[in-house]
Amino acid sequence: MDYTHPEYLMRAEALLKQLRAGDATLRIYDCSVEIRRTMSGFTAVSGEKAWRRGSIPGSGFMDLVSVFSDSSSELGFTLPSAEALQEAYRKAGIGADSQVVLYSASHVMWATRAWWMLHSCGHQRVSVLDGGLEAWRMVGGRLTPGESEYPPGDFTVGLDKSMWADQRQVLEAIGDEEVCTVNALPNGLHAGTAKSPYGRAGHIAGSINVEYDSLLRDGHFKNADDIVSAMEMNGMFKVPRTIAYCGAGISATIDAFALKLVGRDDVRVYDGSLSEWASDECLPMEVG
């Protein structure tokens, strides 16, 4: 079978062709974030410096660490307000008619996080570069120093809250036979056998595990049949609604994006994820 929504992915060959054609509506953004280990765990650093060293020609940079995250929240990468997002998107150069392509020089999860945010804000012409910057290199795409700025855009945000879940909704989903809550983190973190950087070990009570990398092959999304097989094997298609979570609402967007690719519409991302959930001893978790 084919993807239900192939327009959500952009192949590197297609982007190269579109860029050479001089499409005035095209807007390309590097969304990379670098994760660095520290004595206490890890920290997230904007990939802007790497973008400035070498990026897709004409691309801008979308800073998920400081600009496209709520700086007032104690949790990393929390969704900003609709007003803050609209201001940031317009400043970045996104208009109502822009064809937006998002990519990452590191893991594709940063591009899918940026896609989930922009798509939930009502922008329909937005896609993820499948395979990221490495795929661009593989088709002969050249790199130039990142220094571009698009002219201000006129995109108006209409935030679709049905694409996001909060703590209350996740709690209510426990035991609800109409909802499948899925953890995108590696199996060791889900089972509680690996040390968790989020506090309590294990997973949200009742949730299943579909590790985000299991939906990828060499940095590209697997074909639709393989994605559907992985989801069916874990029982995700037996219920109408899905809530995806991870550690901070980033890798969860890979599971959620993959579901959207194959036509599942009622999918939410738990923005706070384990960073919020595990810190509250009153919220139920399981190991094993």
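Predicted model: local features only at pLDDT ≥ 70, side-chain atom pairs only at ≥ 80, totals over all residues.
**Core and helix α4**

The largest nonpolar core of the model contains 95 residues, and those with the most contacts inside it are Leu 15, Met 62, Leu 64, Tyr 89, Leu 102, Leu 129 and Phe 221. Helix α4, which spans residues 109-120, supplies the largest share of this core, namely eight residues. In soluble globular proteins, nonpolar side chains tend to be buried together. The surroundings of Leu 102 can be listed in detail: apart from neighbours within four places in sequence, Leu 102 is in contact with Tyr 29, Cys 31, Met 62, Ala 111, Ala 114, Trp 115, Val 126, Ser 127, Val 128 and Leu 129.

**Ile 94 in its loop**

Ile 94 belongs to the loop that runs between α3 (82-92) and β6 (99-103), and it counts as buried because its relative accessibility is 0%. When residues up to four places away in sequence are not counted, Ile 94 touches Tyr 29, Met 62, Tyr 89, Val 100, Leu 118, His 123, Gly 153, Asp 154 and Phe 155.

In helix α1 (residues 12-20), the buried residues are Ala 12, Leu 15, Leu 16 and Gln 18. These residues cover an arc of only 165 degrees around the axis, and they therefore lie on the same side of α1. The buried residues of α1 pack against β1 (9-10), β2 (26-30), β6, β7 (126-129) and α5 (132-138), whereas the face turned away from the buried side carries the exposed residues Glu 13, Lys 17 and Arg 20. Just after α1, Gly 22 takes a positive phi of about 75 degrees.

**Aromatic pairs**

A search of the whole structure finds eleven aromatic pairs, and two of them are set out here.

| Pair | Distance between ring centres | Angle between planes | Arrangement |
|---|---|---|---|
| Trp 115 and Trp 116 | 5.9 Å | 50 degrees | tilted |
| Phe 221 and Phe 257 | 5.1 Å | 50 degrees | tilted |

Phe 221 lies in strand β13 (residues 220-221) and Phe 257 in helix α9 (residues 252-261), so this pair ties together parts that are 36 residues apart in sequence. Both Phe 221 and Phe 257 are buried. Trp 115 counts as buried at 0% relative accessibility, and Trp 116 is likewise buried, with a relative accessible area of 0%. Together with Tyr 8, the residues Trp 115, Trp 116, Phe 221 and Phe 257 form one aromatic cluster.

**A parallel sheet**

Five strands make up an open sheet in the order β8-β15-β14-β9-β11, and their pairing is parallel. The strands β8 (164-165) and β11 (208-209) stand at the edges with a single partner strand each, so one side of each is left without a neighbour in the sheet. Strands of a sheet pair through backbone hydrogen bonds, either parallel or antiparallel. Within this sheet, strand β9 (residues 179-183) pairs with strand β14 (residues 241-245) in the parallel sense over five bridges, and Val 179 stands opposite Arg 241 in β14.

Terms used
Residues numbered from 1 in each chain as written. Heavy atoms only, no water. Helix = DSSP H or I, 4+ residues; strand = E, 2+ residues; numbered from the N terminus. Buried < 20%, exposed > 50% of the residue type's maximum accessible area, 1.4 Å probe, protein only. Contact = heavy atoms within 4.5 Å. Phe/Tyr/Trp six-rings, centres within 6.5 Å; stacked < 30°, edge-to-face > 60°. Pairing = 2+ DSSP bridges. Arc of directions from axis to C-beta. Core = buried A, V, L, I, M, F, W, Y, C linked by side-chain atoms within 4.5 Å.
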